[in-house]
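Open your viewer and get the selection panel ready.

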Amino acid sequence: MKRDTLISANNVSVHYPINGGKLLGPKPVVRAVENVTLNITKGSFFGLVGESGSGKTTLGRAMLKAAPITNGIVNFNDGEVNYSLSNMSSKELKDYRTRSQLIFQDPYAALSPRMTVRDIIAEPLEIMKLTSSREETDRRVREIAAKCRLNLEHLRRFPHAFSGGQRQRISIARALVSEPKFVVADESVAALDVSIQADVLNLLKEIQQEMGLTFLFISHDLSVVAHICDHVAVMYFGRLVETAPTRELFNNPCHPYTKALLSAIPSLDPDAKNLAQKLEGEIPSPTNPPPGCKFQTRCPHAIDICRRDEPQLESVGVEHNVACHRWQELM
Amino acid sequence: MTRLLDVENLTLDFDTDEGRITAVDDVSFSLEAGEIMGLVGESGSGKSVTAKALMKLNASNAIYGQNTKISLNLADGPVDIMSLRTAQELQIVRGGAISMIFQEPMASFAPAITIGAQMVEQLLIHTSMSALKAQEVSIEMLNRVGISDASTRFKQYAFELSGGMRQRAMIAMALSTNPKLLIADEPTTALDVTIQAQVIDLMKDLVKDFGMGIVFITHDLGVIAQTADTVAVMYLGRVVEKGPVRQVIGNPSHPYTQGLIKALPRLDDLDSPLTPIPGDIPSPLERPNGCVFNTRCSQFLGSQCSGEIPKFTPISHDHMVACHIYQQDQKGT
Ligand SMILES: Nc1ncnc2c1ncn2[C@@H]1O[C@H](COP(=O)(O)OP(=O)(O)OP(=O)(O)O)[C@@H](O)[C@H]1O
Ligand SMILES: Nc1ncnc2c1ncn2[C@@H]1O[C@H](COP(=O)(O)OP(=O)(O)O)[C@@H](O)[C@H]1O
Ligand code: SF4
Ligand code: SF4
Ligand SMILES: [Mg+2]
Ligand SMILES: [Mg+2]
């Protein structure tokens, strides 16, 4: 583990058993995350992109110890504690829950309609018994609400009275009230309109700098990721296929899937049609994937070796890694 | 082209515990067969309610305005949607002539029935296909929306698919009956861009091949630019700007549309800060008088904006905007 790493995954896999298959023999599994290795530096805004079902949420949850880690090691070291997530006592796990948090995807579903905004934000403090008096709880709720630009008058209201952007600020305040070090934001702005999205993104960025947070920012919107993240990892079919500093990834994408992703971002110019590299072919079956590169079924450059050997991440440049047999030829 | 849909003066209130709220206020638009119309606007602006009104699908506390007229022109004559009452009458449009892709994919699939059984059932109700043919068509549609292993997925339940797959299965189901009008409510929001591009292509093919009309609801202006022929921008229940997509996006004229475009994160300029539209959308219980955007508008003109509802003014042929700035121009002041 590098010195300035806050959290790292080493060859992490998450497999979910599914029904079906033969009566005897191994139970079929969905390999939601397969052999993922990644380091998130302290204070980083780390983006995770990839198509739906590629395993982003599962990887994020594994790093929060909220998904079962089948293989591999997740390490968390914030300078105060050093945990290996698969190997924690229940006391350590409780402590880890205060140091890591998830911001929910859907600001409409995530907030209980019967609780006031104050109680929603205070709940993590109360559940984890992080404060010793009601006064202290109130003070911390007010502090974080102010940081999240919530009107303190509104703390007494119920969440249904709020717009999507305000609700998202409430869920952010709730996630941050325990003063975590590591925050997973799963599609936190996907349900928001661009006008509010810009506001929430600016807020996240501000708070990150103010509180020294480290973010894993899961999104399928590459233009959002480009603006807010300093590093990006691209996932495909449970694997990381490319990781790089944001600008490097956007200026010099090396994996064919990353290239296709970048070219498919819809442009505001109606005449920019057809620039998108159209991907043909199917995503392989999750229970019975082919050997070799998992992108072979859609990759326009697949050759024999791709159908035989699974490419491993290799270094392309400073902090830039790619898993493709042919990246050099395709430059 | 032939006119497929005419919406005139659509007004829709909801009776709620806290009082009556206006969700859609005097909205008019039309759609030709073979055309895609984009409907954009921030959440709560009334897009979904407008879309559901086209099938009279809103909750029982919905109250339609007296002048509301929605007319769907089918091969055997126009259908007056507002006059449909019985379940039998409504079935002509719901899932038949009109299909809808919902924002919440879970809502479209019954939890205890497999995806395939639901697709087949829908086809048996609305077409004269045999069960075997219906199964074939369903699997073929699942394939076309990019679901791998379609014959396996066919036998699964909605909860067994990831969010994006569920969304695609729903799109497949909606398209399989070959409707005349497809209403797509944020159909690609949860999808990654490569799949989104596939779904958009699929929709364009359907428009071309079958002359289907599509009302495409999204808050992604890039998707609109790449998909739609015309676009209507909604805010707090009103359409504030509408016209051909090129003109509305290339020359946004309403301060709200301008704000939306400025708020977009742009890939060609990573250093510029993101610019939100200041303030929050007011609650529908506190709808501003006059121009509904007046509480957030940077070009607010005073009593005119807070007192008078701006009328549509043409910016150029077919490109209309409802804002006092342009009404002044017209008066020559
Ligand atoms: N059954 C209902 N009862 C009361 N109010 C409703 C009902 N359905 C919708 N509304 C209200 O109507 C307004 C418009 O809602 P609608 O869902 O159409 O917005 P939208 O623009 O599609 O938003 P989003 O993008 O979030 O889906 C909102 O204020 C909403 O709260
Ligand atoms: N609890 C579960 N049981 C079975 N399969 C699951 C479960 N959760 C996720 N999966 C499967 O794991 C894969 C990755 O899912 P997910 O992490 O939700 O992807 P993403 O967030 O990128 O959409 C998908 O194939 C999904 O169907
Ligand atoms: S390894 Fe082969 S199939 Fe995979 S991305 Fe590279 S060229 Fe394509
Ligand atoms: S009418 Fe007035 S308040 Fe409304 S958008 Fe135009 S200038 Fe702004
Ligand atoms: Mg997810
Ligand atoms: Mg909606």
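Start by selecting ligand 3 and the 13 residues around it, of which Cys293(A), Cys299(A), Cys306(A), Cys324(A) and His325(A) come nearest; a residue is near a molecule if one of its heavy atoms lies within 4 Å of it. Before going on, note that this is a predicted model, in which local features need pLDDT of at least 70, side-chain atom pairs count only at pLDDT 80 or more, and totals for chains, interfaces and linings use all residues. Residues are numbered from 1 along each chain as its sequence is written, chains are lettered from A and ligands numbered from 1 in the order in which they are written, and side-chain values use heavy atoms, with hydrogens and water left out.

Now colour the shell of ligand 3 by class: eight residues are nonpolar, four polar and one charged. Here Ala, Val, Leu, Ile, Met, Phe, Trp, Tyr, Cys and Pro count as nonpolar, Asp, Glu, Lys and Arg as charged, and the others, Gly among them, as polar.

Where does ligand 3 sit? Its place is the largest cavity, in the sense that more than half of its atoms lie within 2 Å of the cavity's grid points. A cavity is a set of points, on a 1 Å grid over the protein atoms alone, where a 1.4 Å probe fits but cannot get out, and its lining residues have an atom within 4 Å of a point. This cavity has a volume of about 90 Å³. Select its 14 lining residues, and you will find Pro256(A), Cys293(A), Cys299(A), Cys306(A) and Cys324(A) closest to the centre. The lining divides into nine nonpolar, four polar and one charged. Across the whole structure, a search finds four cavities of 30 Å³ or more.

Next, move to ligand 2, which lies between chains A and B. Of the 13 residues around ligand 2, select Gly53(A), Gly55(A), Lys56(A), Thr57(A) and Thr58(A), which come nearest.

Zoom in on the polar contacts (pairs of N or O atoms within 3.5 Å):

- Thr58(A): a polar side-chain atom lies 2.3 Å from an oxygen atom of ligand 2.
- Thr57(A): a side-chain N or O atom is 2.5 Å from an oxygen atom of the ligand.
- Gly55(A): a polar backbone atom is 3.2 Å from a ligand oxygen.

Finally, switch to the cartoon view and pick out helix H1 (56-63) and strand S2 (29-41) of chain A, each supplying at least two residues of the shell around ligand 2. The largest share, three residues, comes from H1(A).

Notes:
Polar contact = N/O pair within 3.5 Å; in protein donor to acceptor, adjacent residues only side chain to side chain. Helix = DSSP H or I, 4+ residues; strand = E, 2+ residues; numbered from the N terminus. 1 Å grid on protein atoms, 1.4 Å probe; cavity = no way out; pocket = protein on both sides within 12 Å on 5 of 7 lines; lining within 4 Å. Points joined across faces, edges and corners; volume = space filled by probe spheres on them.
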